[in-house]
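Please view the sequence and the structure together before reading on.

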Amino acid sequence: METHENSGRPTPSEAAAALEAAEQARAAGNAPLRAWLLPVTGLLVAGVMLAQPLADIAPLATLALLAVLGLGWWLAERLYSRQVSRAGIAPRHLTLPQQLVLAAPLPPLWIAGQVLDDRWSWVWLVAAVLSAGWITAYGIVHNRRARNSEAK
């Protein structure tokens, strides 16, 4: 005799709903970075560069500034991960090549600031603006590409 009790198999409508939920979760996993993450990172880097002339007064200030940058980035990353996890999405991170492209202009700007600081005191302002602008623009382009790949 055959019973019509629930045999553990989903009905066709339940299976379709589960498939739709899985598809939405997969698409959400490719979500762009939060719009505020890279501009905040740019501001942190700019702040460190703007404070760099103070490091000439106190040599240990450079290490302190780099520690502040690291702590600020860590806090921003934790906030980002917490916000995204609460939304039910796996946090998206930049790949190593993307991180290298993002960071590539920063060492030359830092070196230019160090070398040209004695000649032009405003060089750190230029380096800070260029750094913040580069990081923010990279975030915009990265997110646009991520959204375009989601739409396909």
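## Terms and basis

Axes are lines fitted to C-alpha atoms, for helices over the stretch in contact, and angles run from 0 to 180 degrees between N-to-C directions. Helices are DSSP runs (H or I, at least four residues), numbered from the N terminus.

The model is predicted, so local features need pLDDT of at least 70 and side-chain atom pairs pLDDT 80 or more, while totals for chains, interfaces and linings use all residues. Residues are numbered from 1 along each chain as its sequence is written, and side-chain values use heavy atoms, without hydrogens and water.

## Helices H2 and H3

The axes of H2 and H3 approach within 9 Å and cross at roughly 170°. The two helices are therefore roughly antiparallel (angles over 145 degrees).

In the contact (heavy atoms within 4.5 Å), H2 residues including Leu37, Thr41, Leu44 and Ala55 meet H3 residues including Ala61, Leu65, Trp73 and Tyr80. The residues of this contact divide into 14 nonpolar, 4 polar and 1 charged. Here Ala, Val, Leu, Ile, Met, Phe, Trp, Tyr, Cys and Pro count as nonpolar, Asp, Glu, Lys and Arg as charged, and the others, Gly among them, as polar.

## Helices H2 and H5

H2 (residues 37-55) and H5 (residues 106-116) have axes that come within 11 Å and cross at roughly 15°. That makes H2 roughly parallel to H5 (angles under 35 degrees).

Val45, Val48, Met49 and Gln52 of H2 meet Leu106, Leu109, Trp110 and Gln114 of H5. By class, this contact has 6 nonpolar, 2 polar and no charged residues.

## The largest pocket

A pocket is an open set of points on a 1 Å grid over the protein atoms alone, where a 1.4 Å probe fits, with protein on both sides within 12 Å along at least five of seven lines; lining residues have an atom within 4 Å of a point. The largest pocket is lined by 18 residues, of which Thr41, Trp73, Leu94, Gln99 and Leu102 lie nearest its centre.

H2 gives the most to this lining, with 5 residues. By class, the lining has 13 nonpolar, 3 polar and 2 charged residues.

Methods. Parallel < 35°, antiparallel > 145°, perpendicular 65-115°, else oblique.
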